[in-house]
Amino acid sequence: MKVVSTSGYNSTYKLTNTDQFKVKLIAKGGQTWIQVKNSDGSSQFQGLLKDGDSKTFDLTTQNEAVFVIGNTVNTKMYVNNKKLSYTISPSSEVRQNVTIQFKPSK
């Protein structure tokens, strides 16, 4: 996965060389509010994760997903079981929008 762009509290990544798009969000160290939007803009999930909670999403049928993360300091994000390192430091921008564009391998 590589970074496409970063601006303000928005970052965009491109996921390639795989046929899966699975994301796991884990609240660690405190609570966090998250929202997950599908490529058509509809909300797949919106809610609060308490410390220790996790939520997994299979987005393989989507070509893009947007994650609105209310507290990146307390939110670990894994894409296909690999930890995502936030391009924007969580301490400088606590609330972030993370967009992942998915192009499955053929």
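**Figure 1. Lining of the largest pocket in the predicted model.** The residues lining the largest pocket comprise five nonpolar, five polar and three charged. This pocket has a volume of about 210 Å³. Of its 13 lining residues, Met1, Leu15, Val79, Asn80 and Lys82 are the closest to the centre. Strand 2 (10-15) and strand 9 (82-83) are the elements that each give two or more residues to the lining. A pocket is an open set of points on a 1 Å grid where a 1.4 Å probe fits, with protein on both sides within 12 Å along at least five of seven lines; lining residues have an atom within 4 Å of a point. The model is predicted: local features need pLDDT of at least 70 and side-chain atom pairs pLDDT 80 or more, whereas totals for chains, interfaces and linings use all residues. Residues are numbered from 1 along each chain, and side-chain values use heavy atoms, without hydrogens and water.

Figure 2. Threonine 32 belongs to strand 4 (residues 32-37), strands being DSSP runs (E) of at least two residues. Its side chain forms a polar contact (N or O atoms within 3.5 Å) with the side chain of threonine 75 at 2.8 Å. A polar atom of the threonine 32 side chain also lies 3.3 Å from the backbone nitrogen of asparagine 71.

Figure 3. Along strand 3 (residues 22-27), Val23, Leu25 and Ala27 point to one face and are buried (under 20% relative accessible area, 1.4 Å probe). Strand 3 runs antiparallel to strand 6 (residues 54-58), joined by five bridges, with leucine 25 partnering lysine 55.

Technical notes:
Points joined across faces, edges and corners; volume = space filled by probe spheres on them. Helix = DSSP H or I, 4+ residues; strand = E, 2+ residues; numbered from the N terminus. Nonpolar A, V, L, I, M, F, W, Y, C, P; charged D, E, K, R; others polar. Polar contact = N/O pair within 3.5 Å; in protein donor to acceptor, adjacent residues only side chain to side chain. Buried < 20%, exposed > 50% of the residue type's maximum accessible area, 1.4 Å probe, protein only. Pairing = 2+ DSSP bridges.
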